[in-house]
Amino acid sequence: MKISVLSGKGGTGKTFLSVNLAQVASNSVYIDCDVEEPNGNLFLKAKDSKIENVDVPVPVFDQEKCTGCKECVDFCEFNALAYVGGKIKIFKELCHSCGGCTLLCPEKAIKEVNRNIGKVEVGTSGNIKVKTGELNIGEATGVPIIEKLLEDMDYSKNNIVDCPPGSSCQVMESIKGSDYALLVIEPTKFGVHNINLVYELVKIFDIPYGAVINKDMGDSKIAEEFCLKNNIKLLDKIPYDEEIGKLNSNGHIVARESKRFEGIFKEIFDKIKVEAISKKVLDKIEEEVKQ
Amino acid sequence: MKQLVILSGKGGTGKTTLAVSLIKLSKNKMFADCDVDAPNVKLIFEDTEILEEKPYFGLKKAFKYDDICIDCGKCEELCRFNAIKDGVVNINYCEGCGVCERFCPVTDDQGRKAIRMEDDSSGTTRVEKLNNEFFSNANLKIGNGASGKLVTEVRKNMYSFKTNEELAIIDGSPGIGCPVIASLTGIGYCILVAEPSISGIHDMIRILETSRNFNTKCFIVINKYDNNFEKTKEIEDIAKEKNVEIIGKIPFDKSVVKITNEGKPVVDNPDTKAAKEIIDIWNKLKNRLDLKNQ
């Protein structure tokens with residue numbers, strides 16, 4: 001099963017929910033797809049980690065063969081190539097590795113070499129398998145790292161995917177093929193406005209969804225009304241609690257430290273499982289009826 | 001004109017909360033919301049006059065014409081973004097490189113390929129007027145990813161109405177990737193809003209390193225500093241070591257959520273703990289940025 005945790009707005013508690021769900025689920029894999037600012041491992045502190053580099057192909061030019069026809073420069077939509085002083089210059093950070101220039105060069109003067117943009121780290125924390133992606137500083141896009149993190153997913157396990165904030169390409173890459181999307185709502189004007197964006201996104205991707213309100217200070221009407229209006233199932237409300245905030249800010253996993261919170265997260269996880277499975281059963285019945 | 005961008009690395013540390021208050025306190029300026037993935041500045045400044053609203057076209061996207069297509073599978077084979085599967089284009093995955101069109105082997109009698117790159121609106125940009133000040137912002141259409149380019153567009157739009165303002169204030173996005181790089185390029189000053197937590201510190205270091213690639217002078221604001229005094233001390237030590245000034249420490253204040261939910265900047269209630277500190281930060285900024293017309 002793949003459960004994606006997302007929120008649109010940053011700092012609503014995606015990582016908080018993700019590491020704690022991974023803690024209470026059996027057979028779990030925690031996957032940190034927020035590769036620009038990966039934080040899950042600050043809590044999980046995985047051991048025996050193996051590091052794998054993530055490389056992307058970029059073109060290199062054989063200047064002897066290049067006749068300066070500039071076909072590649074004209075073709076590149078990302079402005080990664082320029083013809084300066086009789087030579088092709090490449091701006092590697094702008095290259096999307098589409099391979100177009102290499103394919104079209106009439107002189108076969110271009111070949112591709114690998115360039116490192118980040119890494120994937122795989123280790124264990126207690127019974128949890130931990131996968132973390134990290135983008136090098138100065139790089140523009142972490143999408144290839146997210147692809148690498150998710151490429152060999154074992155769906156027989158409980159995969160918890162901690163998504164990046166926002167709603168653009170990296171989030172889309174992270175949620176592909178999810179069985180369930182958990183929307184983490186901060187009960188503020190900003191939080192509700194931004195959850196609407198990812199709510200629209202999971203609908204486009206046809207992923208079953210439900211919500212959790214985090215940092216509930218007793219006045220979460222704004223978030224509850226949003227869920228009600230859009231028919232989003234509200235799985236739970238996690239209270240704002242100074243002690244929890246302190247534990248979390250010091251890098252502790254709350255469900256490991258507090259029986260009460262272990263219970264809260266177990267309940268949320270069980271609800272997610274029921275929701276995701278019942279959607280699958282319904283889909284199957286619908287398909288059989290059609291046939 | 002001096003340009004100031006507000007960033008944080010980690011999300012939810014209080015970028016927008018601080019930005020809208022600085023916007024409210026300052027005069028003789030223009031401002032922009034460059035967090036195009038999750039724009040919230042508009043929620044505070046609703047009562048504006050829209051001067052310009054345009055569809056935003058990022059890169060073109062692939063559209064396939066099945067009446068011409070011979071199902072040769074070439075486009076599917078060459079697309080590196082898995083945007084074509086079983087002969088169907090998934091526009092959400094298309095990055096607009098144009099390889100499919102270029103190598104499509106068939107054309108109709110008018111010379112048009114079976115798969116073509118065409119304009120596809122990926123959002124809307126807006127320039128609004130609030131009192132006598134210009135406010136540039138945008139909305140990215142759901143399922144579109146070209147947000148770095150859109151950030152550049154939002155900044156360009158803001159300057160297109162430039163008269164001779166002294167200051168530009170830009171609310172940025174979380175992370176360190178393309179939207180952040182696009183909002184840092186060519187900017188003189190940056191405030192990093194940090195949160196005293198293990199995640200907040202980790203992410204602050206990464207955004208600080210990122211900003212080093214640019215000639216941007218950084219200041220740090222610690223938000224909710226009294227939630228964790230040990231972590232606040234850690235931030236202070238890091239700032240000292242990296243030679244970055246901590247220009248303010250905002251206390252945790254329950255009234256911040258309340259006033260923000262009313263759609264107002266924190267400084268509209270100037271007597272609260274948080275507002276007092278933000279006013280103090282603004283006074284220091286005027287000095288550090290050498291602003292004369294405030």
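## Chain A: overall architecture

In this predicted model, chain A contains 11 helices and 11 strands. Its C-alpha atoms occupy a box of roughly 70 × 50 × 40 Å along the principal axes.

Of the 291 residues of chain A, 49% are classed as buried. Contacts in chain A between residues at least 6 apart in sequence include 75% that join residues at least 24 apart.

## Strand E1 of chain B

Strand E1 of chain B spans residues 2-7, and five of these six residues are buried, so the strand is largely enclosed by the rest of the structure.

E1(B) has parallel pairings with two strands of chain B, E10 (residues 167-171) and E11 (residues 189-194). Five bridges connect E1(B) to E10(B), with Leu4(B) partnered by Ile169(B). The pairing of E1(B) with E11(B) rests on four bridges, and here Val5(B) has Cys190(B) as its bridge partner.

## Helix H9 of chain B

Helix H9 of chain B comprises 16 residues, 273-288. From first to last C-alpha the helix reaches 23 Å, close to the 22 Å expected at 1.5 Å a residue. Beyond the helix lies Asp290(B), which has a positive phi, near 55°.

Which residues of H9(B) are buried? They are Ala274(B), Ala275(B), Ile278(B), Ile281(B), Trp282(B) and Leu285(B). Viewed down the axis of H9(B), these buried residues fall within an arc of 115°, and they therefore line one face of the helix. The elements of chain B that cover them include helix H1 (15-25), strand E12 (217-223), strand E13 (245-250) and helix H8.

## Contact between chains A and B

The contact between the two chains draws 51 residues from chain B and 48 residues from chain A. On the side of chain B that touches chain A, at least two residues are supplied by each of the helices H3 (99-103), H4 (147-160), H5 (178-184), H6 (198-212) and H8 (255-261). The largest share, seven residues, belongs to H6(B).

By residue class, the side of chain B that touches chain A consists of 15 nonpolar, 27 polar and nine charged residues.

Definitions and conventions: Residues are numbered from 1 along each chain as its sequence is written. Chains are lettered from A and ligands numbered from 1 in the order in which they are written. This is a predicted model: local features need pLDDT of at least 70, side-chain atom pairs count only at pLDDT 80 or more; totals for chains, interfaces and linings use all residues. A residue is buried if 20 or more other C-beta atoms lie within 10 Å of its own, exposed if 12 or fewer, and partly exposed in between; C-beta atoms are placed from the backbone. Two strands pair if DSSP finds at least two bridges between them. Two residues are in contact if their C-beta atoms, placed from the backbone, lie within 7 Å. Ala, Val, Leu, Ile, Met, Phe, Trp, Tyr, Cys and Pro count as nonpolar, Asp, Glu, Lys and Arg as charged, and the others, Gly among them, as polar. The expected span of a helix is 1.5 Å times one less than its number of residues. The arc is that of the directions from the helix axis to the C-beta atoms.
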